[in-house]
Each structure stands twice: as C-alpha cells, then as structure tokens.
Amino acid sequence: MNHLIAPSLLAANFLNLQQDIGTVNQSEADLFHVDVMDGHFVPNITFGFFIIEQIKSIARKPLDVHLMISNPDKYLEDFKNAGADWLSVHYETCPHLHRSIDRIKQLGMKAGVVLNPHNNVELLRDILPDTDFVLLMSVNPGYGGQHFIDSTYERIRKLHQMKEETNPDLLIEVDGGVDTHNAAKLVGSGVNVLVAGSTVFRSDNPLQTISELKHLSPAN
Ligand code: DX5
Ligand code: ZN
C-alpha cells in the first residue's frame, strides 16, 4: 500500500485554523493528525473536545486523534462524539490496554497504541493482532519541532518484523521530527503513515511539501 500523510495541526496557525485546515483539505494528505495533551502525562496542554468538534465540522479527511493524556479510558466515547476517526492511546497510560483497544473499535474507530521512544517494541507483540495501528514516537511527546531520534529506524524495522509475524494488516505510524530528508528512509523501513507538523506548516508551500512527502521513493 502507498504510505499516508497526516499533517499535525499542532503546528498550524490557530488564529487562522480554518485556512490551514482548508490547505490540508485541498492537499494530497490523507488524514488530520490531532494532538491532545493534558499537562499531566506530558508537560504541555493543547485542546479538547470543543476544538476537535470545530475541526471536524470543516475537515474533509478523517481525524487521527493522538491522546497524550492520563486515564484516556474515561474519555474514549467523548472523543468519538467529538469526531475522531482514528484514536490512539499511549501504552504507558493504559493498565488494561486490550480492553481500551477493544472499546475504541466497538465505538467504530480505528484503534492505535502509541509507544514512547524508551519503550521496547516487544512490549506490543501480544496486542498487535487486535490493533489497527501502532504509532511510534520518534521524539518525546509534548512538543512540536523537536529533533528526530535516530534509533527510531531500528525500532521500526523490529516492529515491521513483528507485524509480518502477527498482523500483516497493521499500520505503522511515526510521529516527531519527520521531514523531507528522513521520510524516504522511514517509508523504506516500513512506515505506513507519516505525521508531519512543522515540516508542513512552517513550509513556504505546504501543498508542495505534502506532495513531496506523498510522492517520495522509499530508501534504505
Ligand atoms: C508531539 C506530537 C506530534 C507533533 C509533531 O508530541 O505528538 O504530533 O505535532 O510535530 P513535528 O512534526 O513538528 O515534530
Ligand atoms: Zn502526535
């Protein structure tokens, strides 16, 4: 399958959000990546249901909502109601991860597990058959514009191997520090979904940057 592009609205201009959403609507991007932070699981705070509802009302592509919050189980249905199509929870926040994943799917969303850079991908082996996608953090979650962590390539390769053994339909998504230089190697290592915040919205020509990310040739 061709890889998907998910521009992260965290890097959009919130005084002109309608315009930035319009740009993504017009572009070759596949999803909107929407980062929810609570100031508890991660040091930063972003936004919640009200803003997601507003985004949903004009977005013409599915919303990929990345929860960086403690106790996400409490809010799964609320995120569905706000407009999430894909919903991912951090491994580190779910003591009963299988139940959380099951619930997200029951609610009619694609279910994803997110793993911080310090956690071994092997931790996910037993949940992969039940999961739609894994989001590997390639920075420590909390902020946009951080530097890509190089050990991510090896983590992707390991996860890709596990995917072949347990769930070939699994999608592998990478988030943090993705740019037009590392994207080809990421896709070549097995990534199916590229999240890109600053690279897209700090670009002079976001439409062209999205197109470049979409049409790259996978590299080793
Ligand atoms: C970071 C967020 C990312 C962020 C990526 O915690 O999960 O989605 O927006 O931003 P860039 O692409 O600028 O690293
Ligand atoms: Zn994210």
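The buried residues of helix α1 pack against β1 (4–7), β2 (32–37), α2 (49–58), α7 (198–201) and α8 (206–214). Contact here means heavy atoms within 4.5 Å; helices (H or I, at least four residues) and strands (E, at least two) are DSSP runs, numbered from the N terminus. This is a predicted model, in which local features need pLDDT of at least 70 and side-chain atom pairs count only at pLDDT 80 or more, while totals for chains, interfaces and linings use all residues. Residues are numbered from 1 along each chain as its sequence is written, ligands are numbered from 1 in the order in which they are written, and side-chain values use heavy atoms, with hydrogens and water left out.

Which residues of α1 are buried? In this helix, residues 17–26, they are L17, D20, I21, T23, V24 and N25, where buried means under 20% relative accessible area (1.4 Å probe, protein chains only).

I turn to ligand 1. Around ligand 1 there are 20 residues, counted if a heavy atom lies within 4 Å; S8, G142, D175, G197 and S198 are the closest. Strand β2 provides the largest share of this shell, three residues.

Taken alone, ligand 1 exposes 380 Å², and the protein buries 99% of that (Shrake-Rupley method, 1.4 Å probe).

Notes: Buried means under 20% relative accessible area, exposed over 50%, partly exposed in between (1.4 Å probe, protein chains only).
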